[in-house]
Amino acid sequence: MSSAAARLAAAADNASSEAQFLVVDMRKALTCMKSIAVEYERASKDDKVKQLEKEVLELMASYEECAHLAEAVREVPGAYQPSDQTTDFKKLIEAEVNKVKGTSRVSGDSQRLLRQFKEAVWDVHHAGQPMPGDEQEDLVMTTTQNGILNTNCPLTMKPIIELANPVRSMDCRHIYDKIPILDYIRRSKGLNCPVAGCPKVLNVAKLVCDDYLLMEIEELRSSGGGATKPTDVEDVLDDDEDLMDDGEDGDNQ
């Protein structure tokens, strides 16, 4: 990597991290606003609740923009093409933002967060009842869900809210305990994610722990979420262990 490319990568990483910090702060602000709205609803201050909901919608728009920017800036070094002409980085970033908008999970997160806000207010006086416009079958979707796909490390089965060093795959979004998953990758080169049915191949470079992940884990912990029952992940792990043992036996021969 040239010195210019290295500087660009470092600058993009710093800018993306700063935007990510702002995203985290916005999520915290949304949580606070939800709590305030609940108190207003309990006090029958409908006008205050409506005003707060309007402000939440405005914050959500900024949240999406900032989250898209954080993802897009991270992709700029890979999209940059050196040339004799001066690079218009503004246009380059805008192009990456447009790409991110088509594939990012941010919009889904925003809709979920907004629904959490509305349901928290609704439940003050209508707990257990569907919100207006909801179909009965929609009740299977709960507002305690967030962007976390698995609540236990598939290798150790330890709840992710208890992990000291959680990491998440950028490809499949599954979360693992850092040391066990790195050891798993080292011993099982080319094997898929250990979550049953996941087709993604693990890549050390794409295992990350950022403020966004830590925030989501903290939200899960605060909501009382945690461990889920082990499923057929254990069977998959048993098969993988047998495969690794066979490989080691072969190496020893």
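Predicted model: local features only at pLDDT ≥ 70, side-chain atom pairs only at ≥ 80, totals over all residues.
Residues are numbered from 1 along each chain as its sequence is written. Local features need pLDDT of at least 70 and side-chain atom pairs count only at pLDDT 80 or more, while totals for chains, interfaces and linings use all residues.

**Exercise 1.** Determine how helix α1 is oriented against helix α4.

Step 1. Helices are DSSP runs (H or I, at least four residues), numbered from the N terminus. α1 covers residues 3-42 and α4 covers residues 106-126.

Step 2. Axes are lines fitted to C-alpha atoms over the stretch in contact, and angles run from 0 to 180 degrees between N-to-C directions. The angle for this pair is about 20°, and the axes lie 8 Å apart.

Step 3. Angles under 35 degrees count as roughly parallel, over 145 as roughly antiparallel, 65 to 115 as roughly perpendicular and the rest as oblique. α1 is therefore roughly parallel to α4.

Step 4. Contact means heavy atoms within 4.5 Å. Among the residues of α1 that meet α4 are Leu30, Met33 and Val38; the α4 side includes Leu113, Phe117 and Val121.

**Exercise 2.** Classify the packing of α2 against α4, and state what kinds of residue make the contact.

Step 1. The two helices pack at about 160°, with axes 10 Å apart. α2 is therefore roughly antiparallel to α4.

Step 2. The contact includes Leu57, Met60 and Glu71 from α2 and Leu113, Phe117 and Val121 from α4.

Step 3. Ala, Val, Leu, Ile, Met, Phe, Trp, Tyr, Cys and Pro count as nonpolar, Asp, Glu, Lys and Arg as charged, and the others, Gly among them, as polar. On that basis this contact holds 12 nonpolar, 3 polar and 5 charged residues.

**Exercise 3.** Describe the lining of the largest pocket.

Step 1. A pocket is an open set of points on a 1 Å grid where a 1.4 Å probe fits, with protein on both sides within 12 Å along at least five of seven lines; lining residues have an atom within 4 Å of a point.

Step 2. The lining has 29 residues, and Glu71, Arg74, Arg105, Met170 and Arg173 lie nearest the centre.

Step 3. α1 contributes the most, with 6 residues. By class the lining has 11 nonpolar, 6 polar and 12 charged residues.

How values were computed:
Heavy atoms only, no water.
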